[in-house]
Amino acid sequence: MKNLFLIAVSGLLLGSGCMSMFPGSSNSFRQQPPPTFRQQSPPTVVSLLSVIANPATFSDQELGVVGFLRIGKDHSLLFVSEENAKNYLLANAIRVKLPNEVLLRSGDFNSRYVVLFGMFKSMPDDINALTVGWLNNVSRCMTMGVGPVYTFPETVVSDDWEVE
């Protein structure tokens with residue numbers, strides 16, 4: 001029975017081209033033709049804690065971050081958690097420059113967990129800043145769970161996660 005299992009597994013590996021990585025195998029990986037166009041990959045979604053711990057690593061990169069958003073009159077902040085926002089722990093937050101569309105609909109986003117996509121900029125080391133950096137050029141804002149999704153510059157309002 002054991003030999004029958006090994007023969008079946010070997011046949012599957014040989015048929016799929018996986019055995020070519022083993023010495024002495026005659027199968028080779030099938031070459032895929034190169035794509036005729038290059039698709040733009042979506043921004044990487046990273047932990048806000050990773051961004052705060054290593055701001056220089058993520059500086060000048062387009063990325064997505066999840067956090068608890070507080071929209072203020074002068075500035076907006078994305079906190080790691082609601083508890084951090086309640087206690088105004090700036091060490092666990094980044095500044096966010098939000099589009100006017102989000103500011104006009106602040107009731108949909110303020111004091112909620114959101115996913116923001118934008119360009120992260122770290123603060124220079126010689127500046128004594130309250131946060132490690134800020135998120136500019138926010139291109140997409142989504143509430144966590146059920147709620148609206150806004151994509152910029154053209155605003156698309158949806159109650160689903162999918163944007164048309």
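1. A friendly start with Met 144: this residue is partly exposed, at a relative accessible area of 37%. Met 144 sits in the loop that runs from strand 6 (133-143) to strand 7 (149-151). Together with Val 45, Val 66 and Tyr 113, Met 144 makes a nonpolar surface patch of about 310 Å². Please keep in mind throughout that this is a predicted model.

2. Next, the aromatic rings. How many aromatic pairs does a search of the whole structure find? The search gives two. Phe 68 and Tyr 113 make up an edge-to-face pair, with 5.1 Å centre to centre and 70° between the planes. Because Phe 68 belongs to strand 2 (residues 61-71) and Tyr 113 to strand 5 (residues 112-122), this pair ties together parts that are 45 residues apart in sequence. Phe 68 counts as buried, at 4% relative accessibility, whereas Tyr 113 counts as partly exposed, at 33%.

3. The rings of Phe 79 and Tyr 88 also form a pair: their centres are 6.1 Å apart and their planes stand at 55°, so this pair is tilted. Here, Phe 79 is buried, with a relative accessible area of 0%. Tyr 88 is partly exposed, with a relative accessibility of 45%.

4. For context, most residues other than glycine have a negative phi. Tyr 88 is placed in the loop between helix 4 (82-86) and strand 4.

5. Ser 111 belongs in the backbone discussion as well. Although Ser 111 is not a glycine, its phi is positive, at about 60°. Where is Ser 111 found? The residue is in the loop between helix 6 (106-109) and strand 5. Ser 111 is partly exposed, with 35% relative accessible area.

6. Apart from neighbours within four places in sequence, Leu 98 is in contact with Leu 69, Ile 71, Ser 76, Leu 103, Leu 116 and Val 138.

7. Finally, the charges. Side chains of opposite charge can pair when their charged atoms come close. The count here comes to one salt bridge. The side chains of Asp 60 and Lys 121 form a salt bridge, with 2.8 Å from N to O. Asp 60 is in the loop between helix 3 (55-58) and strand 2, while Lys 121 is in strand 5; the two are 61 residues apart, and the pair links distant parts of the chain. Asp 60 is partly exposed, with a relative accessible area of 48%. Lys 121 is partly exposed too, at 29%.

How values were computed
Residues numbered from 1 in each chain as written. Predicted model: local features only at pLDDT ≥ 70, side-chain atom pairs only at ≥ 80, totals over all residues. Heavy atoms only, no water. Patch = residues over 30% accessible without salt bridge, like charges linked within 9 Å, V, L, I, M, F, W, Y side chains within 5 Å. Areas by Shrake-Rupley, 256 points an atom, 1.4 Å probe, with all protein chains shown as cover. Salt bridge = Lys/Arg side-chain N within 4 Å of Asp/Glu carboxyl O. Helix = DSSP H or I, 4+ residues; strand = E, 2+ residues; numbered from the N terminus. Buried < 20%, exposed > 50% of the residue type's maximum accessible area, 1.4 Å probe, protein only. Phe/Tyr/Trp six-rings, centres within 6.5 Å; stacked < 30°, edge-to-face > 60°. Contact = heavy atoms within 4.5 Å.
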